[in-house]
Amino acid sequence: MFRGWLLEKGEGGFGARLAEIDESRLPGADCADVLVQPEYSTLNYKDALAITNRAPVVRAWPMVPGIDGAGTVLESTHPDWKPGDRFVHNGWGVGETHWGCLAERARLKGDWLVKLPAAFTPRQSMAIGTAGYTAMLCVLALESHGVVAGDGEVLVTGASGGVGSVAIALLARLGHRVVAVSGKADAADYLRSLGAAEVLDRTAFSAPGKPLQKERWAAVVDAVGSHTLANALAQTRYGGVVAACGLAQGLDLPASVAPFILRGVTLAGIDSVMAPKARREAAWQRLARDLDPRLLERIASEVSLDYVAAKAVELMEGKLTGRVVVRIAH
């Protein structure tokens with residue numbers, strides 16, 4: 001038996017509870033070849049949606065949520081993994097169609113796992129989590145399109161969230177002048193402590209704007225979507241790059257083609273869930289090189305497994321800043 005969050009839906013409706021789960025209920029070894037002991041997980045936006053049942057994230061029932069996990073391999077039939085190895089897991093539909101890591105045991109595919117970088121403890125890797133790994137994918141996309149320090153200001157929207165927080169820390173350390181956009185008036189000092197040179201209120205971006213606006217940004221990391229992304233595109237300088245990875249404001253993109261055909265702006269879509277393993281490994285290698293681990297203590301707070309549901313509600317209500325690390329063990 002092991003403790004874990006169990007999401008269920010049936011004739012009686014939806015339920016989320018911290019349960020004692022028999023190990024025999026884990027996915028079979030035929031579809032998941034590595035048994036792991038997560039030591040830390042995280043509470044991502046997608047996890048919060050699932051736990052609060054605010055959106056149809058879960059597509060198989062019952063479900064153990066937790067798209068992120070870090071810990072130790074217990075058993076493996078995969079050639080790349082053996083008992084005692086340290087791993088990091090992000091995405092791959094875990095917590096949606098496959099049981100996840102907000103539990104003391106999980107059975108995952110070896111091809112999904114990445115070796116825990118020596119620079120990080122399991123807790124630190126979960127302070128980064130999918131949000132920070134996504135932020136690194138955004139930075140890599142900007143760099144692949146030629147963005148370098150000194151090109152001009154880089155805008156980060158949704159700055160007080162997990163993606164935004166890590167993106168600011170990474171970009172600032174790489175030498176960029178970072179401008180943060182946040183709806184939390186009390187987050188300015190926090191964002192500056194991560195490296196933001198300037199903090200703007202999100203109301204300047206969240207309403208409909210002109211298709212082309214005054215050019216300012218050399219590059220953008222956007223975790224918000226909708227009007228915020230449209231306005232960021234309209235303000236991006238000639239030849240600039242916008243990495244889009246989120247939808248906190250909405251799935252829509254009420255923009256025109258003007259930034260693309262008149263200013264040569266590139267919109268780079270970032271997917272972290274199904275990214276190939278080589279790209280994941282490159283992102284984690286760069287995180288180990290370019291992210292100051294000391295900043296993770298500012299970015300992340302920690303809760304035990306018992307308080308996941310309460311924190312999920314806070315996250316959905318916009319009351320949290322940065323990342324939430326979940327300690328799995330008692």
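Modeller: Before we start, the expected span of a helix is 1.5 Å times one less than its number of residues. Keep in mind that this is a predicted model.

Colleague: Okay, so what does H2 span between its end C-alpha atoms?

Modeller: Only 29 Å, whereas a straight helix of 23 residues would span 33 Å.

Colleague: Is H2 mostly covered or mostly uncovered?

Modeller: Mostly covered, with 20 of its 23 residues buried.

Colleague: And what follows H2?

Modeller: Gly-146 does, and its phi is positive, near 90°.

Colleague: Let's talk packing. Which residues touch the most other members of the largest nonpolar core?

Modeller: Leu-142, Ile-168 and Leu-287, in a core of 53 residues. Helix H2 (residues 122-144) supplies the largest share of this core, 12 residues.

Colleague: What is Leu-142 in contact with, leaving aside neighbours within four places in sequence?

Modeller: Its partners include Val-147, Val-154, Leu-171, Ala-219 and Val-241.

Colleague: Which residues are in the second core?

Modeller: That one is separate and has 29 residues, including Phe-2, Val-58, Leu-320 and Val-326.

Colleague: Switching to strands: do E14 and E15 run parallel or antiparallel?

Modeller: Parallel, with 5 bridges joining E14 (residues 300-304) to E15 (residues 323-327). Within that pairing, Ala-300 stands opposite Arg-323 in E15.

Colleague: Nice. What does the chain pass through from E14 to E15?

Modeller: Helix H9 (residues 308-316), in a β-α-β crossover that is right-handed.

Methods: Residues numbered from 1 in each chain as written. Predicted model: local features only at pLDDT ≥ 70, side-chain atom pairs only at ≥ 80, totals over all residues. Heavy atoms only, no water. Core = buried A, V, L, I, M, F, W, Y, C linked by side-chain atoms within 4.5 Å. Buried < 20%, exposed > 50% of the residue type's maximum accessible area, 1.4 Å probe, protein only. Helix = DSSP H or I, 4+ residues; strand = E, 2+ residues; numbered from the N terminus. Contact = heavy atoms within 4.5 Å. Pairing = 2+ DSSP bridges. Right-handed = clockwise from strand over helix to strand, strands pointing away.
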